[in-house]
Structures are given as structure tokens and as C-alpha cells.
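Keep the picture open while you read.

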Amino acid sequence: MMTNRWKNVLYTGITNSLEKRVWQHKNSAIPGFTKKYNCHFLVYFEEYGRVEQAIAREKEIKGWVRVKKNALVATMNPEWNDLAADWYR
């Protein structure tokens, strides 16, 4: 899940390369939601062995209300730090 510096939006998506996809979001390389709302901070992620599992989980999370999504982020990242802050140095 990605957010902006104000943490007022959350983006949920799937990828087969988290490092590459986060770089694309951080650099606004792809038009869409994350570019429009400056979602440059990785605050939560999960890994799955099969794409079908990842798609099902993405759909589940996207159906949640914001308070439930916030609680999910807090389980891994209570301070909402950018988990990818030092990936590209």
C-alpha cells in the first residue's frame, strides 16, 4: 500500500516486482492514481506465491473502509514510515 506525505490517501495494488513498482510510483513514472495523489511512500505490503492469491487479497482490501485499512497498515508499520525509504540509494 502506498500513501502520500499527508497520509490522506491509500493506494492498493499488486505487482510481481515490488522494488520496481515502488520505484515507478516514487518517480511518478506511470500515469494514474499514485501520480495524481503523489503516493510515494510504501507503508504496507504482503507477499504471495500465486498471482491469484494476490489478486483476491487486493480485491478484499480495496473493499474495506479506510479505518480497517489504517489498522492493517498499523500491524506492520505503526509509525507509517516509508518502508522503501532507503531502497534506491
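- The buried residues of α4 (66–76) are K69, L72 and V73, where buried means under 20% relative accessible area, exposed means over 50%, and partly exposed is in between (1.4 Å probe, protein chains only).
- Because they cover an arc of only 100° around the axis, these residues sit on the same side of α4; the arc is taken from the directions that run from the helix axis to the C-beta atoms.
- Turn to the other side of α4 and you'll find V67 and T75 exposed.
- What covers the buried residues of α4? Part of the cover comes from β2 (10–11) and α3, with contact meaning heavy atoms within 4.5 Å.
- The helix and strand names are DSSP runs numbered from the N terminus: helices are H or I with at least four residues, and strands are E with at least two.

**What you're looking at**

- This is a predicted model, so local features need pLDDT of at least 70 and side-chain atom pairs count only at pLDDT 80 or more, while totals for chains, interfaces and linings use all residues.
- Residues are numbered from 1 along each chain as its sequence is written, and side-chain values use heavy atoms, with hydrogens and water left out.

**A charged residue tucked inside**

- R21 belongs to helix α1 (residues 18–26).
- Skip the neighbours within four places in sequence, and R21 is in contact with Y11, T15 and I30.

**A nonpolar patch on the surface**

- I14, V51 and I55 together make a nonpolar surface patch of about 220 Å² accessible area, using the Shrake-Rupley method with a 1.4 Å probe and only the protein chains shown as cover for residues.
- Patch members have over 30% relative accessible area and no salt bridge; like charges are joined within 9 Å, and nonpolar side chains (Val, Leu, Ile, Met, Phe, Trp, Tyr) within 5 Å.
- V51 is in helix α3 (residues 51–62) and is partly exposed at 49%.

**Two positive phi angles**

- N38, in the loop between α2 (33–36) and β3 (41–42), isn't a glycine, yet its phi is positive, about 55°.
- W80 comes in the segment after α4 and has a positive phi near 55°.
- Is each one buried or partly exposed? N38 is partly exposed at 37%, whereas W80 is buried at 15%.

Definitions and conventions:
A salt bridge is a side-chain nitrogen of Lys or Arg within 4 Å of a carboxyl oxygen of Asp or Glu.
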